[in-house]
Amino acid sequence: MKKEDVFSRYSRQIFIDEIGVAGQRKIMKAKILVVGAGGLGSPVIQYLSAAGIGTLGVADFDIVELHNLNRQVIHNEKSVGESKVKSALRFIKSLNHHIHCNPIEEKIDDANVEEIIAEYDLVVDGSDNFKSRYLINDACVKLGKPLVYGSILGFSGQVAVFNYEGSKNLRDLFPEPPVEENLPDCDSLGVLGSLPGIVGSMMAHLTLKTVSDLPLNLNQLTLIDTWNWRFQTIDF
């Protein structure tokens, strides 16, 4: 991309004093792994692509289903039956063809998690189960990778930045995962389609602040209650 095209495309970010040209260069050099191309992953992928993240890895082993479309906004009706990774990469290229994409069409597990994460600067966890969240968290701690965390259910969500510049991680907040068989989930209780857009956008925002070296409130969990429209933070 020509220099003038770069400036024109990202000018509204560059005009921010705290970002400027130096911050945009950091964004364009960043290598980010997004785990999950679903409800949370969709807005994360959307806004990181728009912002000009240099390398974007997308990991998901699922296919697009019709019931995904109320909230997984990077997919469309033509994507139904297709792998979420293929659909996500097509979206990324249609939005910003300069993004370098790494498709990872496999389930992240004990055998591959460290190898997959190792090449990235930061991981964004948009997974939908506690086993994956703790697996990803523990690998990030071991490899020294910052982790942007988010979760949603019904009208509620949570976001946090873990393991960044010596900050705490998921196990410092919740030492052990709960028994998943006893937990409600979006499949059984549902989720309002705009909620992952709110939470995922916050995750993308935290990611961009992290890679731009902007100030962050660490060791803090943000609780989002869109039923009562209340946002609160918990220090841990």
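This is a predicted model: local features need pLDDT of at least 70, side-chain atom pairs count only at pLDDT 80 or more; totals for chains, interfaces and linings use all residues.
Q: With which residue does E114 form a salt bridge?
A: Side chains of opposite charge can pair when their charged atoms come close. The term salt bridge requires a side-chain nitrogen of Lys or Arg within 4 Å of a carboxyl oxygen of Asp or Glu. The partner of E114 is K142, and their closest N and O atoms are 3.1 Å apart. Because K142 belongs to helix α6 and E114 to helix α5 (residues 113-118), the pair ties together parts 28 residues apart in sequence. Helices (H or I, at least four residues) and strands (E, at least two) are DSSP runs, numbered from the N terminus. K142 is exposed, at a relative accessible area of 61%.

Q: How many salt bridges does the structure hold, and which parts does the pair of K26 and D213 tie together?
A: There are 7 salt bridges in the structure. In one of them, K26 and D213 bring their closest N and O atoms to 2.9 Å. K26 lies in helix α2 (residues 20-29) and D213 in the loop between α9 (194-211) and β7 (220-225), so parts 187 residues apart in sequence are tied together. K26 is partly exposed at 35% relative accessible area, and D213 is also partly exposed, at 49%.

Q: What is the N to O distance for K84 and D62, and is K84 buried or exposed?
A: The side chains of K84 and D62 meet in a salt bridge at 3.9 Å, N to O. This pair links distant parts of the chain, with K84 in helix α4 (residues 84-95) and D62, 22 residues away, in the loop between β2 (55-59) and α4. K84 is buried, with a relative accessible area of 5%, whereas D62 is partly exposed at 31%.

Q: In what order do the strands of the sheet lie?
A: Strands of a sheet pair through backbone hydrogen bonds, either parallel or antiparallel. Two strands count as paired if DSSP finds at least two bridges between them. The open sheet here has 8 strands in the order β3-β2-β1-β4-β5-β6-β7-β8, with mixed pairing. Its edge strands, β3 (100-104) and β8 (230-235), each pair on one side only.

Q: How do β5 and β6 run?
A: Strands β5 (residues 147-153) and β6 (residues 156-162) run antiparallel and are joined by 7 bridges. L153 has S156 in β6 as its bridge partner.

Q: How do the axes of α3 and α9 cross?
A: Axes are lines fitted to C-alpha atoms, for helices over the stretch in contact, and angles run from 0 to 180 degrees between N-to-C directions. The axes of α3 (residues 41-51) and α9 come within 8 Å and cross at roughly 40 degrees. Angles under 35 degrees count as roughly parallel, over 145 as roughly antiparallel, 65 to 115 as roughly perpendicular and the rest as oblique. The two helices α3 and α9 are therefore oblique to each other.

Conventions:
Residues are numbered from 1 along each chain as its sequence is written. Side-chain values use heavy atoms; hydrogens and water are left out. Buried means under 20% relative accessible area, exposed over 50%, partly exposed in between (1.4 Å probe, protein chains only).
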